[in-house]
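This report covers confidence, fold content, surface and one surface patch. The sequence and the structure come before the details.

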Amino acid sequence: MPIVPDEPAYGGHQDDDRGAARLSGPLFRDETQQPPYDVRQPPSYDPRTQPSDTSQAQPYGAVPQNPEPMPDVPPPAPAPQKKSAGRDLGAAIGVGVGLGAVIVASLFVVKAVFVGVIAVAVVVGLWELTSRLQERKGIKAPLVPLAVGGAAMVVAGYVRGAEGAWVAMALTALAVLVWRMTEPPEGYLRDVTAGVFAAFYVPFLATFVALMLTADDGAWRVMTFLLLTVVSDTGAYAVGWRFGTHKLAPRISPGKTREGLFGAVSFAMVAGALCMQFLIDDGRWWQGLVLGLAVAASATLGDLGESMIKRDLGIKDMGTLLPGHGGIMDRLDSLLPTAPVVWLMFVLFVGSG
């Protein structure tokens, strides 16, 4: 509704008695004296006293409008947003350094202790994966046979080689099928399929790390594998965060960019050449270039693969065990598919011994 001013405005040809009424009215708005006329009623229109041109006429009691157009004032520019990593960087660095210290200490002191570290990581990863499957999809992959069989798979790979790992994998899959028979048949096929997938995805792929460790320079092979994977992830993050504009796979992982992939390949190839030349017996720098390229590709695909799983489950992280990182599975996503690739490249370039 139109805005009515506190005091009516008069001017020009208005009646003298109305002007006097206005002058004799209250001096302050707080006073309660009412004017002697009803300000809500507009004066009657008389064509003999009103001007013929009504184009400039204003409704009675309305606030006069400025006929001149106001200049367009551009809205203030939004403040530039600072890029954020999306996680607690300090906690992530602290946890990463702590995990690295445990890995290096166990790897170069007693190899068997490092095998135990792998087995523990496998069991925790299986627990995270099966828990998320049950919470989000109602899939009950049996954890007990998976955990026991997964730990046995890693130990068998270290003690008996690739043959022992395959046998342990087959027995674990059989144990999953039998264990699930103790529950009602509804959802049996779905649950055992998820169980076999979990057995292959986590412990079987991790067994290739134990296979690398069996070589004479096994500790340095495992160290090269870990360094190249970490360097690949770091290169992708650093270059993508600073220069990334073109999305790599927006439907799977919106944060990944083509520029980040270029950074991962570049960093990994340089690190691979250095590691193969100085850390691996009989290694050559050009072999490290090929190894770094393969690691960057497998690590990126592994990260995208777990992103697909998490998107299907509708979650951001697999767990909360590691501050700044998420869960164990969120750190194994690049390592697991990279392990068989690096093991195979080592066998092809310098042999299995």
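## Surface and burial

The model described here is predicted. The chain holds 353 residues, of which 38% count as buried.

## Confidence

Averaged over the chain, pLDDT is 82, and 74% of the residues reach a score of at least 70.

Residues 1–40 are a stretch where pLDDT stays under 50. For this stretch the model has 21 contacts beyond four places in sequence.

## Secondary structure and contacts

Ten helices and two strands make up the secondary structure of the chain. Read from the N terminus, the order of elements is α-α-α-α-α-α-β-β-α-α-α-α.

Among contacts in the chain with a separation of 6 or more, 69% join residues 24 or more positions apart.

## A nonpolar patch

Five side chains are of interest here: Val167, Leu171, Leu174, Leu177 and Val178 form a nonpolar patch on the surface. Together these residues have about 430 Å² of accessible area.

One of the patch residues, Leu171, belongs to helix H4, which spans residues 143–180. Is Leu171 buried or exposed? Leu171 has a relative accessible area of 54%; the cut-off for exposed is over 50%, so Leu171 counts as exposed.

How values were computed
Residues numbered from 1 in each chain as written. Predicted model: local features only at pLDDT ≥ 70, side-chain atom pairs only at ≥ 80, totals over all residues. Heavy atoms only, no water. pLDDT = per-residue confidence, 0-100. Contact = heavy atoms within 4.5 Å. Helix = DSSP H or I, 4+ residues; strand = E, 2+ residues; numbered from the N terminus. Buried < 20%, exposed > 50% of the residue type's maximum accessible area, 1.4 Å probe, protein only. Patch = residues over 30% accessible without salt bridge, like charges linked within 9 Å, V, L, I, M, F, W, Y side chains within 5 Å. Areas by Shrake-Rupley, 256 points an atom, 1.4 Å probe, with all protein chains shown as cover. Salt bridge = Lys/Arg side-chain N within 4 Å of Asp/Glu carboxyl O.
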